[in-house]
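Biologist: Could we go through the charged side-chain pairs in this structure?
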Amino acid sequence: MDITITENRRDGAVVVGLRGRVHGGNADTFEERLVGLIEAGEHRLALDCTGFDYVSSAGVRAMIVVAKKLKDAGGKIALFGVNQNVSDVLDITGLLDIFPMYEDEDAAVKAVR
Amino acid sequence: MQIALKNDLKEMGRLLDDVEGWGKGHGLSEKLIFDLHLVLDEIFTNIVHYGYEDGAEHQVLISMELEPGEVRVRVEDDAREFNPLERPDPDLGVPLEERKVGGLGIYLVRQLMDEVQYTREGGKNVLSLRRSTGPS
C-alpha cells in the first residue's frame, strides 16, 4: 500500500521509477522526493509509471507542485508506461497536457533532453 | 460491507484492502474497483484532514452495498458540519502557473460517481453516493 521510488540516470535525464500507489498517506513523501531531485539540479525527468497503479488527488496535487517547480527551473517531464486508470485520473484533473506520455523509456528520455 | 475506521490516514490501507476484497468478491470490474478506491480515499482523506480539531480519536463509518445495477456507498462521520459539495469546482483550464492545488478531491468524487448527496443527520455528516455497475 505504498510507493517505491527509484532513480536511474541516463542521457542527461533521471528516469524515476514509481511502483505502487500515491495517496493521502504518502503523497508528501512522493512530492519531497521529486522536489528534492529538482532542487539538486535534476531538471530532466522521465517518470516510469509501469508499476504505478494508483494515484489520488493528493498525488495529483504533488504532481502539480513538481510540474510547477520544474517549469520554473526550465526543466521538462515526461511519463511512460502509464496505465489506463492513472491516465483517466490525469485526464479528469486536466493534466494530460502538463504530463505528456510516451510509449517507452527511450521516447520519454528523448522528449526531455 | 461495513467498516469503521479511526480518523487516521494510517487506516487508509485497511480501507482500500477491504474495498478491493469486497469489489472482487462481487465481481466488479477492475475499473469500478479503482474508482471506488479513489472516491473513498478522497472522502476519508478530507474527513481526517479537515473534520476534527480536538486531536481525539473519532470513528468514520463506511458502508457499501451492491444493489441491482448499482453500488451504493455511505460515509458517516461525527466531524464538524461540512458539506463538500458546496465547494466550487477547480478551474482546470488555466495555465500551469495559475493552477491551484486544491479542490481536486471532491471534484474527482463527483466526476466518478453518478450521484452524490450530503445530509447532516443527528450531528453527523452523511455522504451518500451511487455508481452504476453498467458500462460507463
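Modeller: The discussion below concerns the salt bridges of this predicted model.

Biologist: How many salt bridges are there over all chains?
Modeller: The structure holds 21 salt bridges over all chains.

Biologist: Which residue does A:Arg21 meet in a salt bridge?
Modeller: The side chain of A:Arg21 pairs with that of A:Asp53, at 3.8 Å from N to O. A:Arg21 belongs to strand β2 (residues 13-22) of chain A and A:Asp53 to strand β3 (residues 44-55) of chain A, so the pair ties together parts that are 32 residues apart in sequence.

Biologist: And is A:Arg21 buried or exposed?
Modeller: A:Arg21 is buried, at a relative accessible area of 16%. A:Asp53 counts as partly exposed, with 36% relative accessibility.

Biologist: Turning to chain B, what separates B:Glu20 and B:Lys24?
Modeller: About one helical turn, because B:Glu20 and B:Lys24 are four residues apart in helix α1 (residues 12-25) of chain B. Their side chains form a salt bridge of 2.9 Å, N to O. B:Lys24 counts as exposed, at 55% relative accessibility.

Biologist: Which partner does B:Arg74 have?
Modeller: B:Arg74 meets B:Glu121 in a salt bridge of 3.6 Å, N to O. Strand β3 (residues 70-77) of chain B holds B:Arg74 and strand β4 (residues 115-121) of chain B holds B:Glu121, so this pair ties together parts that are 47 residues apart in sequence. B:Arg74 is partly exposed, at 31%, and B:Glu121 also counts as partly exposed, at 37% relative accessibility.

Biologist: Which residues do shared partners join into one network?
Modeller: A:Glu7, A:Arg9, A:Arg33 and A:Glu42 are joined into one network by salt bridges that share partners.

Technical notes. Residues numbered from 1 in each chain as written. Chains lettered and ligands numbered in written order. Predicted model: local features only at pLDDT ≥ 70, side-chain atom pairs only at ≥ 80, totals over all residues. Heavy atoms only, no water. Salt bridge = Lys/Arg side-chain N within 4 Å of Asp/Glu carboxyl O. Helix = DSSP H or I, 4+ residues; strand = E, 2+ residues; numbered from the N terminus. Buried < 20%, exposed > 50% of the residue type's maximum accessible area, 1.4 Å probe, protein only.
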